[in-house]
Amino acid sequence: ALHGGLHPRHHGAALARHWISLLQHGARGWRGTLVFALSGVLVLASVPGLRAVGSTMGGHGGSSTKTDRRDAAALPVLVAALGSALVVIAVIPIDPSMEYPVRTDTYVATTLGQVHSIAGAVVLGSLAASCWMIAALARRRPGTARWMPALARSTAAVMAAVFLLCSSAVVASDAGRWEAARAGAFQRVSL
């Protein structure tokens, strides 16, 4: 999202219409790839720390329940899925589509392009699920501000809803039903 926001004139990219991943194409595409790769590696680097503090997140003073321990163990798994999916997105670029890069009139789905698309869904799904898990852990932890669990759950719900809206906009745009679809804008808002 940062890379796409910093390069509004990226060789014909329409930031409101085109997915962030499409910026991996073209002369400056290496920048998008680098952002995805570094983001994935940094997220993966946080996983050992999440595992190490899992016992304190999942309980307090040794009185954690089975649910607390399960939820605390699930958070690093969700974050690892997020980081791994970002690395996959960096290594496997999305198929050109939506007339980007310029002069791409038709969309041809490849197996690797589909892998990229699935990894993109994993990114948003694991990010939303991580917010939901943080809310569950915070709700049971004494001393947590009352608004924090609600904020984390609301964030997860908004991310999921915007992602579904974004996906619908892309399908409608690709099918020629909604030419002015703003899938790129929806994606950037959800992230």
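**View 1. Aromatic rings and a charge over W132.** Rings of Phe, Tyr and Trp (its six-membered ring) pair if their centres lie within 6.5 Å; planes under 30 degrees apart are stacked, over 60 edge-to-face, and the rest tilted. By this rule there are zero aromatic pairs. R153 does lie over the face of W132, 4.4 Å from the ring centre. Such a charge has NZ of Lys or CZ of Arg within 6 Å of the ring centre and within 35 degrees of the ring normal. This is a predicted model: local features need pLDDT of at least 70, side-chain atom pairs count only at pLDDT 80 or more, and totals for chains, interfaces and linings use all residues. Residues are numbered from 1 along each chain as its sequence is written, and side-chain values use heavy atoms, without hydrogens and water.

**View 2. The largest nonpolar core.** Nine residues form it: I20, F36, L82, A85, L86, I89, A90, A119 and V123. A nonpolar core joins buried (under 20% relative accessible area, 1.4 Å probe, protein chains only) Ala, Val, Leu, Ile, Met, Phe, Trp, Tyr and Cys residues through side-chain atoms within 4.5 Å. Helices α4 (66-91) and α5 (111-140) each give two or more residues; helices here are DSSP runs of H or I, at least four residues, numbered from the N terminus. α4 gives the most, five. Another core, of eight residues, lies apart and includes V47 and M133.

**View 3. S126 in helix α5.** S126 lies in α5 and is buried, at 5% relative accessible area. Beyond neighbours within four places in sequence, S126 is in contact (heavy atoms within 4.5 Å) with L78, A81 and L82. Its C-alpha is 9.7 Å from that of A156, 30 residues apart along the chain.

Key:
Buried < 20%, exposed > 50% of the residue type's maximum accessible area, 1.4 Å probe, protein only.
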